[in-house]
Amino acid sequence: MTSLIKKNASGNAENGDANLLINEVVGVPGGIGEAARVGRAAAYDEFLRGLLPARDGVALMAVGGLGRRQCAPYGDLDLVLLHAGVPGTDELAASVWYPIWDAGLRLDHSVRTVSEALSVAQDDVKVALGLLDARLVAGDQALADALTRTAADHWRRTAVRQLPGLREITVARWQAHGELAFLLEGDLKEAAGGLRDVGLLRAISAAGITDALRPAVRAAHLRLLDTRDALHQQVGRRVDRLVAQERDGVAALLGLEDGDALLRRVAGDARTVSHALDDAFRAADRLRSGRSRGGNGSPVRRPVARDVVEHDGELVLARTAIGARPDPSLSLRVAAAAATTRLPIARATCEWLAAYCPPLPAPWPAEARAALTTLLGAGPGLVPAWETCDRYGLVDGWLPEWTRLRSLPQHNPVHRYTLDRHLVQAAHEASRHAREVDRPDLLLLGALLHDIGKGLPGDHSTVGVPLAETVATRVGLPAPEVALIGTLVRLHLLLPDVATRRDLADPVTIASVAEAVGDTGTLDLLHALVRADAAATGPAAWSDWKGRLVAELVARVRTALDTGVLPEPPAPDPALLAGPLPVVHLTGDRVAVAAADRRGLLATVAGCLALHRLEVLSADASVVDGRALVECRVQPRYGLPADPVPLRADLRRAVAGDVSVTQRLRGRALAARGSGAAPRVVWHREAATDAVLLELRAADAAGLLYRVAGALDEAGALVRAARISTLGADVVDAFYLVGGWPDDATRARLEAAVLAAV
């Protein structure tokens, strides 16, 4: 077989395409599905048998995917050369490993005796799991049987003791890779609910602890394997992370409609695996430690809520609840008890509730409404309790709208979760702010429903209002509270949008928000909802700067609502109004400059900041006592703060008229980071007191503010404030242009200049 490897003049395998070598040398078939995986395993087996000469006391064992005959198109080979202490094993191993590498295959290998393999397995639980998949490929059958038989027996005897350590490793992996069911770009192997977890279920089943590989789990496992096969085939190499740009191609290979359908299928399969693993770990815990026992040796039943008791570490129904016709709120009450106690609901209980709990009437009874509030406000216990109920169809009985929302992808780089998980996570985050508002129950429900309009045509904040009001009415809220839920959905983006895109010192800004909000109670609810929404979205959705801006906006609007008087704009920094010009102040994230000439000052300052790799978040320009002032909030573009000494020097030279500073910026290649969509200008005529608002929507790029501010200056526009809002790879930059700008032709000329600068 090794003679088939292509050789060059020096006798080494050619550095051609590895896949070509694999196909020519090994004859590995392509394709997706169980038959293709078994076919690949057979081809690898045939290839490997040709590498090991017949010899007693030596066996070539496959573990991992090859051991299970579940070979991915571009997977690794995991091999163990097992020997009985025979001489020359190092040379024998080299004669096996090198042809494998020459064939372009990636190899994880070891050379061990049976006792050595078992000793390593005793110290390393991951090795112990690997040996459960060990399969003879070539060589001494008796030697291979000794290893597999002893390894399986050892695992059955020690599994209960080893599982706690394995669980710690597993939890650390989950924390690193997240939950596959809710991620937009999850790792099919390592994320929670992925292929690695199926291996744990197989090991727990092999130990005889519980039947962890039920038919639904087996079906989910096969579909996840198919997805990984298609991903390998689509990309042409080994990759386990299902990234956005490959989804449609993978979906086509699997015969699915599109990438969204693929994500939803993966999410359902990952949930099945995760739920089965949770059950299996709990069974192992009970077997290892036992629970409090009564006098007859049976587990103690402890009441935790009406009709709900704890039994052997799980929540089950009280006998009286099962014997009588259950009331419709029972499933919600069980879920609320699970969330508040952080105890899992027994599988049999979930199945019983799904089969026998009657549907809720419309409107809901007060008891059901109270249970929903308790569930949503339970904090960390909410997500696992909700997920368990969702797996058994209980959530669809509470909220029929949930079917459309389940596993719905959110095509936005700042979102880390699918829509359903985002909504539940938002309710969890909202519970942290429950004591800051007058109506925590409405905050929790509003958080759960705030994005209910997503996935439908139109602005989700508008589309979602009637949907949320329908739910609120069904839940049994009175008409004023239903309207308030609709207001929260409609305005849930108002505060962050205004705070980051408008001049908070402008009375028109404050007056417009105060009019939209209406009262301080609603303002408090929106403020809490904004923070909960951002925390549930992902780290890119919030920052200290955005938090300060939103808090400042809320404080100003509160003053206007409480007193009816719009707050005065903040006074400029007194330090800028004294001393010889130019004045440059650098403090934390603030850059302030005073100069004698206002013309072009904003562009000059923006250019210096871009030169030092600082992004401008907001900018204010004004003239006070004959001095031109520019004050900016900045952040490092690449995470490293700028050196204040050269920054201060460049600012002083530039505002004093030294054009060589900004000429250095012009010489740089400033590539945009956003999408290929064309930039766009939007005018807002009534958004400011003494100015017109020009809003630029474009791809983010270093130096963009410098170029646009320069274009506005050359076109004769005077910028008194700018707000820079970055949304992933795009920006929405708002420029307050002094004056009325009523002439269409003049605005068109200015718009053309801005777009040309972009």
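How many salt bridges does a search of the whole structure find? The search finds 58, a salt bridge being a side-chain nitrogen of Lys or Arg within 4 Å of a carboxyl oxygen of Asp or Glu.

Please note that this is a predicted model, in which local features need pLDDT of at least 70, side-chain atom pairs count only at pLDDT 80 or more, and totals for chains, interfaces and linings use all residues. Residues are numbered from 1 along each chain as its sequence is written, and side-chain values use heavy atoms, with hydrogens and water left out.

I begin with R40 and D229, whose side chains form a salt bridge at 3.3 Å, N to O. R40 belongs to helix α2 (residues 34-49) and D229 to helix α9 (residues 215-235), 189 residues apart; helices here are DSSP runs of H or I with at least four residues, numbered from the N terminus. R40 is buried, at 0% relative accessibility, where buried means under 20% relative accessible area (1.4 Å probe, protein chains only). D229 is likewise buried at 0%.

A further salt bridge joins D420 and R271 at 2.6 Å, N to O. D420 lies in helix α19 (residues 419-430) and R271 in helix α11 (residues 259-289), 149 residues apart. Both residues also belong to a network of salt bridges, with E387, D390, D396 and R406.

Let me turn to a contact between a charge and a ring. R421 lies over the face of F182, 4.9 Å from the ring centre; the criterion is NZ of Lys or CZ of Arg within 6 Å of the ring centre and within 35 degrees of the ring normal.

Terms used
Helices (H or I, at least four residues) and strands (E, at least two) are DSSP runs, numbered from the N terminus. Buried means under 20% relative accessible area, exposed over 50%, partly exposed in between (1.4 Å probe, protein chains only).
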